[in-house]
Each structure stands twice: as C-alpha cells, then as structure tokens.
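Subject: Structure for your review

Dear colleague,

Please find below the structure that I am handing over to you.

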Amino acid sequence: MFSFPLGFVGCKQLIYRINNDVPETFVPNPLELPPAEDDFVWMQVIDTVDDYFRIVREQPVQNSGDMILDGYLETSYRMGASIMEPWRKDSTSGFERLQSTLQSIRRRATVTVRPQPAMDGLIGGGTTGYVIEVVVQKDLEDTDRTQYATETTGSLRHDGTVVRQEDALDGSPQTLGWIPLGRDTSLEQAILRDIFERITKPDSKRLLH
C-alpha cells in the first residue's frame with residue numbers, strides 16, 4: 001500500500017491555507033437579534049436595506065401594550081450590479097456579480113421582523129428580542145433571442161406566411177418574461193450580517209467626543 005509522508009500532507013494543507021481565504025461565518029436565516037427598542041431595531045433594518053434596494057412598502061414592528069405587530073418591508077426589483085459597478089451592493093462579489101454582468105438578472109428583497117417573548121414570558125412588558133428573516137428572490141430575463149443575434153423579428157419570411165409590417169420594429173430583443181432562479185443566499189447573508197453588526201456593535205468614538 002502506498003502512503004504519502006506526513007510532512008507532504010502538512011505542506012499541502014499549509015499551501016491551501018495561504019492560497020485560500022478563511023470562509024466567512026454563516027449567519028442563520030431567520031436570525032435572532034438581542035433585546036433592543038422597537039424603533040431602534042426597525043430604523044437599523046430600514047437603513048441597511050436601503051443601501052441595497054429601494055423600499056416600496058413597509059410596516060414598522062410594534063410591541064407596545066397590547067399591540068403586537070410584525071415588521072415587514074418589501075423592495076422593488078433592481079437590475080443586478082455588474083463588475084463595472086463596484087459601488088453597488090445588490091450583487092455580491094464572485095459568481096453573483098459575474099452572472100449579473102453576463103446575464104440580465106433582477107433581485108428584490110422582503111424582510112420580516114418578529115418580536116419574541118421577554119424573559120418573563122410576557123410580550124409588551126419591556127424590551128424584547130426579535131427574529132429577523134431576509135428573503136432575496138432572483139430572476140433571469142427571458143428574451144426571444146440574444147442581444148447580438150443576426151436575425152430580427154422583422155426579417156422577411158419565404159414560407160408563405162403573411163407578415164404585416166404596421167409599425168417599424170427595432171432589432172433589440174423582446175422580453176418574454178422572467179425565469180425564477182430561487183433565492184440569493186449570499187446577498188441574504190450580507191444583509192443579515194450588516195443588520196446584526198449595526199444593532200450589536202457600539203458606536204465608534206468620535207474625534208471630538
């Protein structure tokens with residue numbers, strides 16, 4: 001039986017660690033947030049999501065007295081950022097940004113914030129914790145042909161079919177619809193990580209504090 005020397009295996013592991021970054025910590029989704037004030041939590045969620053998408057509908061979380069209401073917000077669709085737009089955050093680095101460069105990709109996000117019972121088991125009797133869930137849907141544009149196709153919809157046909165040219169047609173592809181590609185988990189992780197850090201990390205000391 002042939003076996004590799006232990007020193008050779010150790011060198012391969014060292015080379016792998018040098019050439020590859022440490023994987024980022026996985027953030028659960030839904031994510032439990034520490035106890036905080038309702039307004040503070042909701043403002044951090046709004047401010048974070050606004051860096052990625054444009055918010056079109058929101059319902060703030062409420063946990064006062066007998067009023068218990070989940071917070072919910074919904075964003076509009078946004079075309080995915082390409083590698084030529086590094087300042088945009090709606091496409092994560094790597095595969096997602098490359099795919100948004102080569103394909104027409106759009107995304108939208110929905111966020112739900114649910115109040116959790118306090119330590120004494122009563123909701124509304126003080127500061128409580130929260131559970132936040134972020135869902136980012138990703139769609140692929142479905143067109144009738146590629147952008148640089150040599151054949152257009154205005155081409156003459158010779159099979160006996162009558163083609164009426166009532167309006168002038170351009171040669172650009174026509175959108176037939178959008179194909180769901182599931183959830184963009186990498187972007188969900190980025191949004192959840194930003195929200196968690198905003199709520200848990202203390203503010204940095206100012207220069208003239």
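How many residues does H2 have, and how far does H2 reach from its first C-alpha to its last? Helix H2 has twelve residues and reaches 17 Å between those two atoms, close to the 16 Å expected at 1.5 Å a residue. Please bear in mind that this is a predicted model.

Overall organisation

The protein chain contains four helices and nine strands. Along the sequence, these follow the pattern α-β-α-β-β-β-β-β-α-β-β-β-α. Of the 209 residues in the protein chain, 31% are buried. The accessible surface amounts to about 14,700 Å², and 55% of that surface belongs to carbon and sulfur atoms. Among contacts between residues at least 6 apart in sequence, 69% join residues at least 24 apart.

Confidence

The mean pLDDT of the protein chain is 77, and 64% of its residues reach 70 or more. Confidence is highest in E5, at a mean of 94, and lowest in H1, at 54. Over residues 120-125 the pLDDT is below 50, and this stretch has seven contacts in the model beyond near neighbours in sequence.

The nonpolar core

In soluble globular proteins, nonpolar side chains tend to be buried together. In this model, the largest nonpolar core has 27 residues. Val 41, Val 45, Leu 73, Val 111, Val 113, Ile 132 and Ile 191 have the most contacts inside this core. The elements that give two or more residues to it are E1, H2, E7, E8 and H4. The largest share, six residues, comes from H4.

Helix H4 covers residues 185-200, which makes 16 residues, and its reach of 22 Å from first to last C-alpha is close to the expected 22 Å. Its buried residues include Leu 187, Ile 191, Ile 195 and Ile 199. An α-helix has 3.6 residues a turn, so residues three or four places apart point the same way. In H2, the buried residues include Val 41, Trp 42, Val 45 and Val 49.

Val 113 illustrates how such residues meet. Leaving aside its neighbours within four places in sequence, Val 113 is in contact with Val 41, Trp 42 and Val 45, among others.

Strand E7 and its partners

Strand E7 spans residues 105-115 and is mostly covered, with ten of its eleven residues buried. Strand E5 (residues 71-75) runs antiparallel to E7 and is joined to it by four bridges. Within E7, Thr 110 stands opposite Glu 74. Strand E6 (residues 78-79) also pairs with E7 in the antiparallel sense, over two bridges. Here Arg 78 has Arg 107 of E7 as its bridge partner.

Two loop residues

Is Arg 88 buried or exposed? Arg 88 lies in the loop between E6 and helix H3. Arg 88 counts as buried because its relative accessible area is 14%, and the cut-off for buried is under 20%. Leaving aside its neighbours within four places in sequence, Arg 88 is in contact with Arg 78, Met 79, Gly 80, Ala 81 and Arg 97.

Pro 30 is found in the loop between helix H1 and strand E1. The peptide bond from Asn 29 to Pro 30 is cis, with omega near 10°.

Yours sincerely,
A colleague

Technical notes
Residues are numbered from 1 along each chain as its sequence is written. This is a predicted model: local features need pLDDT of at least 70, side-chain atom pairs count only at pLDDT 80 or more; totals for chains, interfaces and linings use all residues. Side-chain values use heavy atoms; hydrogens and water are left out. The expected span of a helix is 1.5 Å times one less than its number of residues. Buried means under 20% relative accessible area, exposed over 50%, partly exposed in between (1.4 Å probe, protein chains only). Two strands pair if DSSP finds at least two bridges between them. A nonpolar core is a set of buried Ala, Val, Leu, Ile, Met, Phe, Trp, Tyr and Cys residues joined through side-chain atoms within 4.5 Å. Contact means heavy atoms within 4.5 Å. pLDDT is the predictor's confidence in each residue, from 0 to 100. Accessible areas come from the Shrake-Rupley method with a 1.4 Å probe; for residues, only the protein chains shown count as cover.
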